[in-house]
Amino acid sequence: MYLIVGLGNPGSEYDGTRHNIGFDVVEKIAADLRIRFHAHRLHRSAAGRKYGADIVLSQPRIYMNNSGEAVRSLLAEHGLPPERLIVCCDDLHLPLGAVRLRKKGGGGGHNGLLSVIREIGGAEFPRLRCGIRGAGVPGPGQATAGYVLSTFEPGELSVAAEMAERAADSVMMIVRDGIDRAMNAVNTK
């Protein structure tokens, strides 16, 4: 079984924002698997099966900075170790369209990842980062909150949609081929 969590902020005012690309990725996977999300107290989730594995998709219903609470609850509910967790999130340090897959690592300043690490007691879980750095990115020392909570520019929409599709395929590659083979394929493109 795999728990695949897309990080983002709940609420329609955050739909389509750079910070919610993780939500977009798990929605693409759900569409491909033809499964629907159902609301729970701390998250929305959908369950299906592919490549002989049970898959639970989730979007925390609490704000990004506290999303680790939902992840901790889901891991406990399904009796899963962190190695069976895959987190999908945005990355301001990567250019728009870039996708990077790591087996484990730190939070890299991403408050959602930092919350997950803090709540589950470690960073030993795969994460897929989607690049959101595009037009109008703040310079060094400037505040980034407004930027990550902004929507993609019209000229960026097709790149963002293609990236979310490629990220969804990359996550499913982990399920099918394992993390090491997926990292070799995803990170060398």
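Leu-92 is buried, with a relative accessible area of 19%. That falls just inside the class, because buried means under 20%. This is a predicted model, so read every value here as computed from predicted coordinates. Leu-92 belongs to strand 5, which covers residues 85-95.

Who does Leu-92 touch, leaving aside its neighbours within four places in sequence? The contacts are Ile-132, Arg-133, Val-137, Thr-144, Tyr-147 and Val-148. There's also Pro-138 to look at: Leu-92 and Pro-138 are 46 residues apart in sequence, and their C-alpha atoms sit 10.0 Å apart in space.

As background, strands of a sheet pair through backbone hydrogen bonds, either parallel or antiparallel.

Strand 7 itself is mostly covered, with six of its seven residues buried. Over at strand 3 (residues 43-50), eight bridges make the link to strand 4, and these two run antiparallel. Ala-46 has Leu-57 in strand 4 as its bridge partner.

## Helices across the strands

Helix 6 (residues 179-187) has three names on its buried list: Ile-179, Ala-182 and Val-186. Why do the buried residues line one face of helix 6? Seen down the axis, they fall within an arc of 60°, so they line one face of the helix. The general rule behind this kind of pattern is that an α-helix has 3.6 residues a turn, so residues three or four places apart point the same way. On the other side of helix 6, Arg-181 and Asn-184 are exposed. The cover over the buried residues of helix 6 includes strand 6 (99-102) and helix 5 (157-177).

## One aromatic pair

How many aromatic pairs does a search of the whole structure find? It finds one. The rings of Tyr-14 and Tyr-63 have centres 6.1 Å apart and planes at 80°, so the pair is edge-to-face. The angle settles the label because planes over 60 degrees apart count as edge-to-face.

This pair links distant parts of the chain, with the two tyrosines 49 residues apart. Tyr-14 is in the loop between strand 1 (2-6) and helix 1 (21-33), while Tyr-63 is in the loop between strand 4 (53-60) and helix 2 (68-78). As for accessibility, Tyr-14 has a relative value of 19% and counts as buried, whereas Tyr-63, at 44%, counts as partly exposed.

## Arginines over rings

Arg-176 lies over the face of Tyr-51, at 5.6 Å from the ring centre.

## Positive phi in two loops

Tyr-51 comes up again for its backbone: its phi is near 55°, a positive value in a residue other than glycine. Tyr-51 sits in the loop between strand 3 and strand 4 and is partly exposed, with a relative accessible area of 42%.

Arg-34 also has phi near 55°, again a positive value in a residue other than glycine. Where does Arg-34 lie? Its place is the loop between helix 1 and strand 2. Arg-34 is exposed, at 77% relative accessible area.

Technical notes: Residues numbered from 1 in each chain as written. Predicted model: local features only at pLDDT ≥ 70, side-chain atom pairs only at ≥ 80, totals over all residues. Heavy atoms only, no water. Buried < 20%, exposed > 50% of the residue type's maximum accessible area, 1.4 Å probe, protein only. Helix = DSSP H or I, 4+ residues; strand = E, 2+ residues; numbered from the N terminus. Arc of directions from axis to C-beta. Contact = heavy atoms within 4.5 Å. Phe/Tyr/Trp six-rings, centres within 6.5 Å; stacked < 30°, edge-to-face > 60°. Lys NZ or Arg CZ within 6 Å of the ring centre and 35° of its normal. Pairing = 2+ DSSP bridges.
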